[in-house]
Amino acid sequence: MRIDYATAADIRAVALAMRQPDFDEFVALAQTDDRIELADVLAARYAGRPDVMVAFWEAQPVAVGGLVENRPHVLTALFFATDAFPQIALEVSYMATRMLRDIKASDVHRIEAVSLVGHDEAHRWIRHFGLQPEGPPMRGYGKNGEAYQQFAWVKDACAPGA
């Protein structure tokens, strides 16, 4: 396994072959229903960023992940993969756990993710990294009314209601 910064070609390759539940999750939040167009959108949005990585198995890109700072000190998780992901899942999990330990010790006070209700594999993975569900599912979050669950890790130093 190898991990590197994600290029447009890497992101596009993974997006074109992403697992069906990942596709369902991303397309419900996109302006398109077309896999090729979605791959182009994801590549344009995330390529060349220092916070988005790609994991390779046997020289093929199989997973794209990142923690994007959309608000100061708040990171939003991004992840999608191909059916080859199980080949590297353990290594990716180990590396991500180490990376998250360092991030949680930094000035970041929140890590969040949204995931399509019913994408149970993604929910297990999100919980594995210490993010917990926040409230009930958000109904009508997707373009066709799909429900999504918000997950978050919040630094203990943050006061409730503050």
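In this predicted model, strand β4 (residues 74-81) and strand β5 run parallel and are joined by 3 bridges. Within this pairing, V74 stands opposite R110 of β5.

Strand β5, residues 110-116, is also joined to β7, here by 7 bridges, and these two strands run antiparallel.

| Strand pair | Direction | Bridges |
|---|---|---|
| β4 and β5 | parallel | 3 bridges |
| β5 and β7 | antiparallel | 7 bridges |

Is strand β7 mostly covered or mostly open? Strand β7, which spans residues 148-154, is mostly covered, since 6 of its 7 residues are buried.

The report now turns to the packing of helices. In general, two packed helices are described by the angle between their axes and the distance between the axes. For helix α1 (residues 8-16) and helix α3 (residues 35-46), the axes come within 8 Å and cross at roughly 145 degrees. This crossing of α1 and α3 is right-handed. Helix α1 contributes A8, I11, R12, A15 and L16 to the contact, while α3 contributes R35, I36, A39, D40, L42, A43 and Y46. Classified by residue type, the contact of α1 with α3 comprises 9 nonpolar and 3 charged residues, with no polar ones.

Which residues have the most contacts inside the largest nonpolar core? They are I11, L38, L42, V64 and F80, in a core of 21 residues. At least two residues of this core come from each of α1, α2 (20-27), α3, β2 (52-57), β3 (60-71) and β4. Helix α3 gives the most, supplying 5 residues. When neighbours within four places in sequence are set aside, L38 is in contact with M18, F23, F26, V27, A30 and T32. Another core, of 13 residues, lies apart from the largest one and includes L100, A113, L131 and F151.

Most residues other than glycine have a negative phi. E58, although not a glycine, has a positive phi of about 50 degrees. A59 likewise has a positive phi, near 70 degrees, and is a residue other than glycine. Where are these residues found? E58 is in the loop between β2 and β3, and A59 has its place in the loop between β2 and β3. E58 counts as exposed because its relative accessible area is 63%, above the cut-off of 50%. A59 also counts as exposed, at 62% relative accessibility.

Methods:
Residues are numbered from 1 along each chain as its sequence is written. This is a predicted model: local features need pLDDT of at least 70, side-chain atom pairs count only at pLDDT 80 or more; totals for chains, interfaces and linings use all residues. Side-chain values use heavy atoms; hydrogens and water are left out. Axes are lines fitted to C-alpha atoms, for helices over the stretch in contact, and angles run from 0 to 180 degrees between N-to-C directions. Helices (H or I, at least four residues) and strands (E, at least two) are DSSP runs, numbered from the N terminus. A crossing is left-handed if the near helix is turned anticlockwise from the far one by less than a right angle, and right-handed if clockwise. Contact means heavy atoms within 4.5 Å. Ala, Val, Leu, Ile, Met, Phe, Trp, Tyr, Cys and Pro count as nonpolar, Asp, Glu, Lys and Arg as charged, and the others, Gly among them, as polar. Buried means under 20% relative accessible area, exposed over 50%, partly exposed in between (1.4 Å probe, protein chains only). Two strands pair if DSSP finds at least two bridges between them. A nonpolar core is a set of buried Ala, Val, Leu, Ile, Met, Phe, Trp, Tyr and Cys residues joined through side-chain atoms within 4.5 Å.
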